[in-house]
Amino acid sequence: FFSCLFFSRLRNFTMSFNTSIVVNGTVGERTMSIGEFGPPLVHDVDELSSPLLASPVQPEHINGFQKGGKKGSQSSLPSSFSDRPYSTSPLVVTPPPAMFQLTDLDGYFCSTQRPSLWHRVERLLKESVGCALATWRYLYEVEAFFGEPGFEKMQKLNTMITQSDPESEASEEIMDEISDVLETFCKPPRFSGGCAFDVLVYAGDPEARYYKPNTVEQRKGRAETWIEELASDESPTTKLRMNVVCVYSFAQVLIAMLVNARIQSVVLCDNSINTDHDHGDLVNHVLAYKHLIKRWVATAQTNPAGEIISTLVAAVKSIRPEVDIFLVTERIVDALELYAHVRRSFFPTDDFYAELRSAIIGGVQARQKMPFFTALTQYAARPIGVFHALAISRGSSLLKSHWLGEFVDFYGINIFRAESSATCGGLDSLLDPTGSLKEAQQLASSAFGSAHTFFVTNGTSTANKIVIQALVIPGDIVLVDRDCHKSHHYGLVHAGGWPCYLDAYPLHQYLMYGGVSLREIKSKLLLYKRCGMLHRVKMLILTNCTFDGIVYNVVRVMEECLAIKPDLVFLWDEAWYAYAAFNPVLRKRTGMGAARLLARLLKTDEYRAQSANFWTQNELLFDSMDEADHERLLDMRLLPRVDDAVLRVYCTQSTHKSLTAFRQGSMIHIFDQRFRGGAEMAFHEAYYTHTSTSPNYQILASLDAGRSQMQLEGFEFVLEMLEHAMYLRKHAGESEFITKWLWFLDVADLIPAEYRTDSRCTGYWDNEGCVIRRFEDCWMSDDEFVLDPTRLTLYTAATGLTGHQFKVDWLMNKCGIQINKTSRNSVLFQTNIGTSFSSVAYLLQSIRKCVHEFAVTQEETGGNLSVLWQKKVRQLKEDHTLLPDFTAFHMALRHQDSLGPEGDMRRAFYLAYDEANCEYLSLREAKALIQQGKQLTATTFTIPYPPGFPVLVPGQLVSVGVLDFMMKLDVKEIHGFDSDQGLRVFKEEALVP
């Protein structure tokens with residue numbers, strides 16, 4: 001009953017749209033020929049003999065049936081389901097003359113290459129049809145997962161192309177059809193006349209494709225009213241346009257989710273689900289195919305038939321948590337994976353399609369919703385008289401001005417009409433939100449996977465201080481990466497926390513730090529355990545990802561730390577990493593993504609058993625106070641006690657740095673199992689302390705809009721920014737002209753081998769093979785650190801230019817290219833969701849322009865550049881300035897019984913407010929005194945830019961290594977150091993214990 005009724009409705013559902021409806025399934029014996037749908041997109045008989053291909057476009061590719069229908073006919077489709085022949089006989093295949101080679105695709109992901117593929121087909125068709133066939137076959141396979149151009153247009157084009165003379169130029173009709181398609185890619189989204197999205201339907205039975213209700217009688221009673229409404233592009237209630245894509249296997253559902261970023265909803269039929277693997281060229285250009293698809297398919301194959309649908313739902317949500325899932329089923333939805341992740345289930349009755357259509361539209365509109373932005377626009381449109389603060393409110397003081405017209409013209413009047421100090425009339429209070437702002441923050445929490453989210457309008461610097469003040473009390477010990485942002489250091493001063501500084505692994509040759517090793521973190525925790533002070537350790541602060549793109553194995557860090565300190569609080573500074581929540585590969589290594597993953601693991605029986613077994617074997621090592629026993633724990637993979645571990649995870653993100661938001665727009669995400677009834681009150685107090693009572697409403701509205709954008713198209717944008725980064729690596733890396741002078745540092749350059757023992761990945765670009773490697777293999781491994789592909793560090797030493805010189809004199813002044821971070825011999829580029837292929841092409845052009853000038857200079861000097869230039873190159877390549885480690889705090893600032901390096905930095909910070917406690921020494925004088933055995937103690941944070949981390953903090957003992965580092969630096973900006981006055985240190989008598 002269910003199958004017949006569902007497919008009869010599905011036929012109407014799909015017919016009215018011009019949609020991409022495709023088929024897959026087991027086919028009978030037949031001889032392949034280029035027919036209505038073209039040849040199969042496979043290389044050999046073994047692939048074609050498998051039950052499924054990567055694309056759901058198999059049976060139409062091959063004409064001629066063993067039985068039922070006329071063999072060899074171009075239009076021998078069965079007239080009804082009962083007529084459709086099936087056989088398990090082997091296929092007889094005539095291989096196609098040319099196949100699409102993987103190296104032909106000048107990109108990383110097939111989905112982001114669609115416009116390029118269409119342009120390429122157009123260009124090749126002008127030469128001859130035969131030249132375009134291989135690319136067309138690949139494109140046809142890709143387009144099967146997209147709702148536009150649609151099944152009918154692709155079918156028509158495929159018939160025209162494959163039946164044309166391979167030696168001749170494509171006909172005018174073909175070129176016109178191709179041009180129509182290209183118009184949709186070339187038209188800017190804001191001019192497209194509405195928002196189009198795709199709905200993925202798992203249809204179960206591939207035979208549904210062959211039903212064509214051509215008469216009114218056939219369509220009567222088949223929800224035609226709903227179909228007509230859905231098919232209309234001129235809906236009076238919404239600008240949304242939907243297309244439908246049908247697939248017919250478990251793997252195809254997941255491939256579609258990874259290939260088609262515009263899928264907003266998934267409709268699953270709880271029917272027999274095919275769990276065979278897919279094959280074909282397409283899988284080589286699908287994000288993490290073997291990690292995200294093969295693993296789930298293997299799991300489904302071991303499930304009982306009734307549980308496969310639950311596995312499929314879980315798989316879809318693990319890949320694209322933002323999409324809505326709708327289930328059509330006859331049974332009660334009682335499995336956790338179903339009722340937790342399915343937006344709505346439908347019983348297959350005569351009227352469920354109308355309800356399904358409304359539910360799909362409603363789900364998309366829910367993500368479109370921007371409650372605070374909408375409230376602000378409505379407020380700005382109202383004729384409100386202002387008798388309160390803000391003369392600029394509603395632009396009043398500007399509109400009456402005779403002199404500031406250009407100010408209004410530049411910004412536009414709306415930004416001033418929305419300027420207000422009101423917290424009513426539809427607006428809300430950031431300090432105590434109850435309306436539109438509260439809803440906006442709840443939507444952001446859902447989007448980023450947190451339990452709670454708070455907006456911050458004065459940057460992540462303030463967000464970090466809020467979290468630290470909320471959770472740290474005076475005397476608490478905080479493990480913190482010394483290379484972290486200065487706001488953490490100042491936050492610890494304000495809160496009175498005692499920092500235990502952790503040293504990240506150094507990259508002396510590039511004058512930068514990597515990440516803090518897990519061994520370093522565990523060694524400090526175990527050290528405090530041995531001296532009886534583990535109870536005072538409150539928090540671990542790490543930067544993820546670092547400015548240079550070093551990303552932690554977040555799950556492993558939290559897992560192993562909780563084994564030693566079960567209630568440790570984690571603060572992940574993800575200022576540059578907000579986009580990672582919208583990609584299934586990157587998400588695993590985010591604070592919120594890892595917290596939710598670890599929370600699920602701790603609830604499983606399998607993990608509980610593993611943990612119990614681990615503690616049975618190693619409990620004596622944990623109970624021991626012997627350093628040798630603890631040394632053994634450093635080399636183990638630790639597991640927490642399931643019943644003791646408490647997940648307390650906080651993430652701070654500079655939304656404005658990587659997503660769509662105005663400058664200083666940031667968010668705090670919380671996954672703290674002790675927040676309610678625990679840290680909540682203290683958090684609000686800290687939030688009140690650091691949050692302005694006059695927040696910028698434009699910043700808040702942009703945070704609301706940025707969240708909505710990422711829920712609707714974040715997956716697509718992140719794929720594109722990854723594509724752009726890989727494109728840069730490929731084209732710069734394969735050019736000998738460029739790499740003679742400049743090259744991008746790769747994984748092995750920035751991450752030592754001992755931290756990537758699982759994947760053994762050395763880089764994303766293979767210099768010898770001149771090919772891009774799959775970055776997913778590193779990211780889905782258990783490597784301690786991975787490199788963010790979107791961070792591209794260009795090594796400039798061979799040019800004799802420092803990073804600052806290359807940034808200012810060449811990139812900015814000559815090419816008009818803006819970057820931020822530099823080191824002594826490198827500059828950092830990063831792609832973001834706003835990066836376009838045009839800007840990537842311009843960057844490559846600019847790099848070539850710079851290289852050309854270097855080459856010309858070398859040629860003009862006969863191949864031997866000046867002695868001065870050679871000296872500069874040698875200094876930048878070989879004369880490395882050693883990065884100093886943290887020394888120690890002065891004994892007067894430390895616990896007498898502690899074995900750790902923590903210190904009372906707050907006392908030193910405020911002690912330095914009294915100038916009578918301080919003196920100034922030149923760097924050479926200070927070095928001479930230290931060499932004579934005198935202790936010198938810093939009074940302030942001393943932060944050179946670059947590299948941008950404090951080489952000295954208040955209360956830290958000054959070392960010769962620190963002074964040598966400062967004297968060798970060739971930077972002009974050092975915060976906390978005045979070259980005229982010298983180094984500011986405490987007088988000896990100021991720090992009497």
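I begin with a definition: angles under 35 degrees count as roughly parallel, over 145 as roughly antiparallel, 65 to 115 as roughly perpendicular, and the rest as oblique.

**Entry 1. The model.** I noted that this is a predicted model, in which local features need pLDDT of at least 70 and side-chain atom pairs count only at pLDDT 80 or more, while totals for chains, interfaces and linings use all residues. Residues are numbered from 1 along each chain as its sequence is written, and side-chain values use heavy atoms, with hydrogens and water left out.

**Entry 2. The chain.** I found 38 helices and 27 strands; helices (H or I, at least four residues) and strands (E, at least two) are DSSP runs, numbered from the N terminus. Of the 993 residues, 59% count as buried. Buried means under 20% relative accessible area, exposed over 50%, and partly exposed in between, with a 1.4 Å probe and protein chains only.

**Entry 3. Helices α29 and α34.** I looked up how α29 (residues 697–733) and α34 (residues 837–860) pack: the angle is about 25°, and the axes are 10 Å apart. Axes are lines fitted to C-alpha atoms, for helices over the stretch in contact, and angles run from 0 to 180 degrees between N-to-C directions. The two helices, α29 and α34, are therefore roughly parallel to each other.

I then listed the residues that meet, with contact meaning heavy atoms within 4.5 Å. E723, H724, Y727, L728, H731 and A732 of α29 meet F837, V840, L843, L844 and R848 of α34. The residues of this contact divide into 7 nonpolar, 2 polar and 2 charged. Here Ala, Val, Leu, Ile, Met, Phe, Trp, Tyr, Cys and Pro count as nonpolar, Asp, Glu, Lys and Arg as charged, and the others, Gly among them, as polar.

**Entry 4. Helix α37.** In α37 (residues 923–931), I found L923, A926 and I930 buried. Seen down the axis of α37, its buried residues fall within an arc of 60°, so they line one face of the helix; the arc is that of the directions from the helix axis to the C-beta atoms. An α-helix has 3.6 residues a turn, so residues three or four places apart point the same way. On the other side of α37, R924 and Q931 are exposed. The buried residues of α37 pack against β24 (918–921), α38 (960–968) and β27 (983–986). After α37 comes G933, with a positive phi near 100°.

**Entry 5. Residue G395.** I located G395 in the loop between α14 (371–381) and α15 (396–399). G395 counts as buried, at 0% relative accessibility. Leaving aside neighbours within four places in sequence, G395 is in contact with F416 and R417.
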